[in-house]
Amino acid sequence: MIKQVLTAILFFSSAILAQAQSWTDTEYQQANTAANVTYLSNEEKNIVLYMNLARIDGEKFYYTVIEDYINNYNSKVRKFRNYNDLKISNNNPYYLSLLTHLRGIKNLPMFYPEDKLSFVSRNHAIDLNRNNLDTHESSNGDKFSKRISKYYPNRTMSENIDFGNANGLDIVCHLLLDCGVPSLGHRFTILDQKNKMNIVGVSIQRHPSYSWCAVIDYVAKPKYANPLNQTAN
């Protein structure tokens, strides 16, 4: 009898926790700013969706989306001999530091996609594919700031590039964890508050070495005083 009561209590507590950590329709609608655009694929739209969910409630994102991503990722790499090297463990410093950063994130402004910026992102992703590159520089030597400034002069800007993923959720979680990147530049760009970047361009393309690459460009509107405030990650 006692065992049954304890089981019921644990089940009830788990149900309450799951309910507390669930996402509402209102939150999804708020985050899904790319829902009606015609120039992005579904997975490209999902990149915008998941970046925005992280900005709505960082801690909830950590305990729902990030944890599910890690569980799925660890299941996928279990088949490899170097599983212990590939897996993301609970004591992974990037995993632990992400919670610290996400706990302070609540109701940040949403990212909104824009066709011109997505055109810039797409061109660079195609260039990376065509020339088998893994850099922010174009094959002609142009830096990302030059590519973006052509359409958005005197703006604060940044660029994230992810390799190896075609799924929007995987791309965002991989960039937020930022494993092996001491500067955590990808993470801080997605969680940006200082530079107030609010429009994004997104493109996922094939890549000869990594199967897939995703380019995400960010620009602040309106204009900011310092046009040289640029970061690439």
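Predicted model: local features only at pLDDT ≥ 70, side-chain atom pairs only at ≥ 80, totals over all residues.

Modeller: K60 lies over the face of W23, at 4.6 Å from the centre of the ring.

Y62 is buried, because its relative accessibility is 3% and buried means under 20%. Y63, by contrast, has a relative accessible area of 31% and is partly exposed. Together with Y95, Y62 and Y63 form one aromatic cluster.

Another pair consists of Y69 and Y73, with ring centres 6.2 Å apart and planes at 25°. Planes under 30 degrees apart count as stacked, so the pair of Y69 and Y73 is stacked. Both residues belong to helix α4 (residues 58–77), and because they are four residues apart there, about one helical turn separates them. Y69 counts as buried at 7% relative accessibility, whereas Y73, at 23%, counts as partly exposed.

A different kind of packing is found between helices. Two packed helices are described by the angle between their axes and the distance between the axes. For helix α3 (residues 42–56) and helix α9 (residues 168–177), the axes come within 7 Å and cross at roughly 45°. The two helices are therefore oblique to each other, and α3 passes α9 in a right-handed crossing. On the side of α3, the residues that meet α9 are E43, N46, I47, Y50, M51 and A54. Their partners in α9 are G168, L169, I171, V172 and L176.

Finally, S118 has its place in helix α7 (residues 115–131). S118 is buried, with a relative accessible area of 0%. Leaving aside neighbours within four places in sequence, S118 is in contact with Y39, L40, V200, G201 and V202. Among these, G201 is 83 residues away from S118 along the chain, yet the C-alpha atoms of the two are separated by 3.6 Å.

Conventions
Residues numbered from 1 in each chain as written. Heavy atoms only, no water. Buried < 20%, exposed > 50% of the residue type's maximum accessible area, 1.4 Å probe, protein only. Phe/Tyr/Trp six-rings, centres within 6.5 Å; stacked < 30°, edge-to-face > 60°. Lys NZ or Arg CZ within 6 Å of the ring centre and 35° of its normal. Contact = heavy atoms within 4.5 Å. Axes fitted to C-alpha atoms, helices over the stretch in contact; angles between N-to-C directions. Parallel < 35°, antiparallel > 145°, perpendicular 65-115°, else oblique. Left-handed = near helix turned anticlockwise from the far one by under 90°.
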